[in-house]
Every structure is written in structure tokens, then in C-alpha cells.
Amino acid sequence: LSRVGNQADRFYGAETLALIDAATAHLQANELDDAAEKLQPVLSLPQEQRLETFTLRLGEMRDTLRRSRHAGSRPAVDLQRQIEDFRSEAIGRFLTR
């Protein structure tokens, strides 16, 4: 998705939501490594691009991860921490408005 078209002409929000959806699908298929790979571009977004929609969707994904069979594994714990870091940095931005 992110390789199609000129980057300046694309809306990062739609791409980000598509990546979160793809990661969620991988997680539901018990493919934790693939889910984490899909989320890396999302988790790397600069703070000013971390929309509230993203934080809500990632929170839902984190909750799904906590209920998954991977919940206590090191990769799952690391991914949960990365999601929480992303959310806390974005939420801090929303609180200062």
C-alpha cells in the first residue's frame, strides 16, 4: 500500500489504519511476528502524526494481544510496551490542547 503512488499524494492516515488492520488480522491468525512487522511504520510515526484514532485502534489491538495465547511471551510483552509508549506520547499531546 505505501509503495503505490507518489508519497506526497497519499494520506498517511488511511495507510496507517490499513497497517493497523493488517497487524490485527495477523494477530488474530496467531502470527505475532507478522503483526509486529506491520506495526513498525505505525509505531515510528512522529508524535505530531499520532492521531487519536490510531491510539484507540492500537489500544484495542493491545487488549486483543493481552487475551491471546502469546500474551506472556517476550515478543508480545515488547509489542504491548511499544503500543503503550506510542499511546502515552500521543495522549499527552491531546491533553495539552
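Helices H2 and H3 pack at an angle of about 160 degrees, and their axes are 13 Å apart. H2 is therefore roughly antiparallel to H3, a label applied to angles over 145 degrees, whereas angles under 35 count as roughly parallel, 65 to 115 as roughly perpendicular and the rest as oblique. H2 passes H3 in a left-handed crossing; a crossing is left-handed if the near helix is turned anticlockwise from the far one by less than a right angle, and right-handed if clockwise. The axes are lines fitted to C-alpha atoms over the stretch in contact, with angles running from 0 to 180 degrees between N-to-C directions.

From H2, the residues Leu 32, Ala 35, Leu 39, Val 42 and Leu 43 meet Leu 58, Met 61 and Leu 65 of H3, where contact means heavy atoms within 4.5 Å. By class, this contact of H2 with H3 has eight nonpolar, no polar and no charged residues. Ala, Val, Leu, Ile, Met, Phe, Trp, Tyr, Cys and Pro count as nonpolar, Asp, Glu, Lys and Arg as charged, and the others, Gly among them, as polar.

The model is predicted: local features need pLDDT of at least 70 and side-chain atom pairs count only at pLDDT 80 or more, while totals for chains, interfaces and linings use all residues. Residues are numbered from 1 along each chain as its sequence is written, and side-chain values use heavy atoms, with hydrogens and water left out.

**Overall architecture**

The protein chain has four helices and zero strands, giving the pattern α-α-α-α along the sequence. Helices (H or I, at least four residues) and strands (E, at least two) are DSSP runs numbered from the N terminus. Of the 97 residues in the protein chain, 31% are buried; buried means under 20% relative accessible area, exposed over 50%, and partly exposed in between, with a 1.4 Å probe and protein chains only. Among contacts between residues at least 6 apart in sequence, 63% join residues at least 24 apart.

**Packing of H1**

Two packed helices are described by the angle between their axes and the distance between the axes. The axes of H1 (residues 12-28) and H2 (residues 32-43) come within 7 Å and cross at roughly 165 degrees. H1 is therefore roughly antiparallel to H2, and H1 passes H2 in a left-handed crossing. On the H1 side, Thr 16, Leu 19, Ile 20, Ala 22, Ala 23, His 26 and Leu 27 meet Leu 32, Asp 34, Ala 35, Lys 38, Leu 39, Pro 41 and Val 42 of H2. The residues of this contact of H1 with H2 divide into ten nonpolar, two polar and two charged.

H1 and H3 pack at an angle of about 5 degrees, with their axes 11 Å apart, so H1 is roughly parallel to H3. Tyr 12, Gly 13, Thr 16, Leu 17, Ile 20, Asp 21, Ala 23, Thr 24 and Leu 27 of H1 meet Thr 53, Phe 54, Arg 57, Leu 58, Met 61, Thr 64 and Leu 65 of H3. The contact of H1 with H3 comprises nine nonpolar, five polar and two charged residues.

**Individual residues**

The table gives the accessibility of selected residues.

| Residue | Relative accessible area | State |
|---|---|---|
| Thr 55 | 2% | buried |
| Arg 50 | 7% | buried |
| Ala 71 | 23% | partly exposed |
| Leu 51 | 28% | partly exposed |
| Asn 30 | 35% | partly exposed |

Asn 30 is found in the loop between H1 and H2. Its phi is positive, about 60 degrees, although Asn 30 is not a glycine. Most residues other than glycine have a negative phi.

Arg 50 belongs to the loop between H2 and H3 (52-67). A polar atom of the Arg 50 side chain lies 2.8 Å from the backbone oxygen of Leu 45. Leu 51 is also in the loop between H2 and H3. The C-alpha atoms of Leu 51 and Ala 90 are 7.2 Å apart in space, with the two residues 39 apart in sequence.

Thr 55 lies in H3. Its C-alpha atom is separated by 7.5 Å from that of Phe 86, 31 residues apart along the chain.

Ala 71 is located in the loop between H3 and H4 (74-95). Not counting residues up to four places away in sequence, Ala 71 touches Leu 65, Arg 66, Ala 76, Val 77 and Gln 80.

Conventions:
A polar contact is a pair of N or O atoms within 3.5 Å; within protein, one must be able to donate a hydrogen and the other to accept it, and residues adjacent in sequence count only if both atoms are side-chain atoms.
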